[in-house]
Amino acid sequence: LLVVASTNRTGLPQWFLGSFSETAALTATLPVLIIKPNLDPSSFSTVVRFVVGVDVSAPPSAKQVRWIADFARKTKVHVDLVYVQPRSRVLLSQIEDVKEDHSRVKSVLENLSQSLRKVGVPSTEVRIPETKTIAHALAEYADARQAWLTILTNPRRSQARRILLGSTARRFLGLSERPFLSLRDVVE
């Protein structure tokens with residue numbers, strides 16, 4: 001686990017220079033935990049809660065689920081598995097099929113929840129509608145639940161999709177003041 005602090009750089013400096021924490025979160029092959037500088041300890045719930053953003057088109061791998069389960073079990077935490085129902089978009093529908101099969105969404109969430117519960121990690125399956133973006137919806141949910149940590153698994157995407165649509169993890173990192181854990185290809 002690599003732990004980095006975020007500088008909360010915004011505006012043109014962020015656009016031109018980016019940030020070390022963002023680069024690490026989006027490129028490192030080991031888990032990266034990002035701590036924000038304006039963290040207010042009173043903004044955390046009394047029950048330790050992690051929010052895991054679930055993309056059913058690229059669900060967490062078995063290695064990632066094991067990593068989340070081990071981390072959550074050691075910290076005695078409740079995990080919210082959150083799926084954000086995307087809004088319909090003309091451009092996005094040309095790039096990929098965004099109409100998720102409701103049975104697939106249910107199946108992916110149930111399988112993840114069962115995997116966590118098998119190792120003693122309590123979890124809740126949650127579906128929420130997209131607000132401005134998927135990242136906004138996740139940030140709003142994490143804030144409302146006073147999450148101690150938000151985890152995104154950052155699946156590999158095609159170059160065209162990344163250029164046209166960007167990254168939910170990158171957007172989330174810019175929006176949230178809460179700790180953020182980026183899991184790419186988890187190394188055992």
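## A tour from helix α3 into the cores

Start by selecting β3 (49-53), β4 (78-85), α5 (102-118), β6 (149-152) and β7 (180-182): these are among the elements that cover the buried residues of α3. Covering here rests on contact, meaning heavy atoms within 4.5 Å, and buried means under 20% relative accessible area with a 1.4 Å probe, protein chains only. Helices (H or I, at least four residues) and strands (E, at least two) are DSSP runs, numbered from the N terminus.

You are looking at a predicted model, where local features need pLDDT of at least 70 and side-chain atom pairs pLDDT 80 or more, while totals for chains, interfaces and linings use all residues. Residues are numbered from 1 along each chain, and side-chain values use heavy atoms, without hydrogens and water.

Now show α3 itself. Its buried residues are Gln64, Val65, Trp67, Ile68, Ala69 and Ala72. Just after the helix, look for Lys76, with a positive phi of about 50°.

Next, colour the largest nonpolar core, which has 24 residues; such a core is a set of buried Ala, Val, Leu, Ile, Met, Phe, Trp, Tyr and Cys residues joined through side-chain atoms within 4.5 Å. β3, α3, β4, α5 and β6 each supply at least two of its residues. Centre on Leu116, one of those with the most contacts inside this core: Leu116 touches Val65, Ile68 and Ala69, among others.

Apart from this core lies another, of 23 residues, including Ile34, Ala135, Leu173 and Phe180.

Finish at Phe172, which counts as buried because its relative accessibility is 0%. Phe180 is buried too, at 1%.

Terms used:
Buried < 20%, exposed > 50% of the residue type's maximum accessible area, 1.4 Å probe, protein only. Lists of a residue's contacts leave out its neighbours within four places in sequence.
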